[in-house]
Amino acid sequence: MIPVDWLNALAGLLVGTIVGMTGVGGGSLMSPILILLFGVAPATAVGTDLWFAAATKTVGSIVHHRQNSADHRIVGWLCLGSIPAAVLTLVLLFEFGGHQEKSGFIVTLLGGMLIITSFATLFRRRLVHAMIDTDDEVKARRFIRFQPVLTVAAGAVLGTLVTLTSVGAGALGATLLLMLYPLRLTARKLVGTDIMHAVPLTLVGGIGYLIAGSVDLRLLGMLLIGSIPGIVIGSRLTLWLDERIIQRCLAVVLFITGIKLVTV
């Protein structure tokens, strides 16, 4: 029998590889694994998961930065919305003594959105034409003009949801970026930008849960033993895999995550 600690490390390796390859899977996959397979209390699972995502995606963001596969300007716009929203959400949680819920309206709604997004990812070209009529220069310019404001708003939504549930930094973030930048971001740039933005967001949320005493540091250490090499492997794979393969992998992860969230 494999000791539970090393099963945690194996789970970290699996999730880390998926995160590195698709930008999705940290909160969406790890929280259900901790709660359903390892019996971790939901609040502790969320807090530990946020630190897991912060540490894992820091490594991933370094790899993607070296590969020039992240759009730093978009990351900055997202942070303008997500960081203040995360801090405000934490303050409200502490003020009213709130606890994390892994089921309920928000998580179910998020799961449904991920399922829809998994199909949208498979038909990215059609989505591009639906969002922007490249033949209409006026509409295209208008859309581009409002992109920064919409990106900040998207960041605020992410900041709130990630702080409440630990889910969304990767999955929902990739969805919003795909909708906002169907032409500017390739599949590889989408993953790198999503991962880089998740680092400060999950770090802020993780600090809040650490202050509240809802982080299992031993469990976190074992998860990181597996996830650090996993995300390096996954990030490197994006250089060799065809863009269509990455999109399909992203769609599969989103669909599985959505089903899990809806059924939890």
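Is Arg 184 buried, partly exposed or exposed? Before I answer, please keep in mind that what we are looking at is a predicted model. Arg 184 comes out as partly exposed, because its relative accessible area is 39%, and that value lies between the 20% under which a residue counts as buried and the 50% over which it counts as exposed. As for its place in the chain, Arg 184 sits in the loop that runs between helix H8, residues 171-180, and helix H9. If you look across from there to Asp 71, the two residues are 113 positions apart in sequence, while their C-alpha atoms are 9.3 Å apart in space.

Let me move on to H9 itself, which covers residues 187-211 and packs with helix H3, residues 42-66, at an angle of about 145°, the two axes being 7 Å apart. The crossing of H3 past H9 is left-handed, and the residues that make up this contact divide into 15 nonpolar, ten polar and one charged.

At the start of H10, a side-chain oxygen of Asp 216 comes to within 3.2 Å of the backbone nitrogen of Arg 218. Further along, H10 bends by about 30° at Leu 224, and Leu 224 is itself one of the buried residues of this helix. The buried set also includes Gly 226, Gly 230 and Gly 234, together with Ser 227, Ser 235 and Thr 238.

Technical notes:
Residues are numbered from 1 along each chain as its sequence is written. This is a predicted model: local features need pLDDT of at least 70, side-chain atom pairs count only at pLDDT 80 or more; totals for chains, interfaces and linings use all residues. Side-chain values use heavy atoms; hydrogens and water are left out. Axes are lines fitted to C-alpha atoms, for helices over the stretch in contact, and angles run from 0 to 180 degrees between N-to-C directions. Helices (H or I, at least four residues) and strands (E, at least two) are DSSP runs, numbered from the N terminus. A crossing is left-handed if the near helix is turned anticlockwise from the far one by less than a right angle, and right-handed if clockwise. Ala, Val, Leu, Ile, Met, Phe, Trp, Tyr, Cys and Pro count as nonpolar, Asp, Glu, Lys and Arg as charged, and the others, Gly among them, as polar. The bend at a residue is the angle between axes fitted to the seven residues ending there and the seven starting there. Buried means under 20% relative accessible area, exposed over 50%, partly exposed in between (1.4 Å probe, protein chains only). A polar contact is a pair of N or O atoms within 3.5 Å; within protein, one must be able to donate a hydrogen and the other to accept it, and residues adjacent in sequence count only if both atoms are side-chain atoms.
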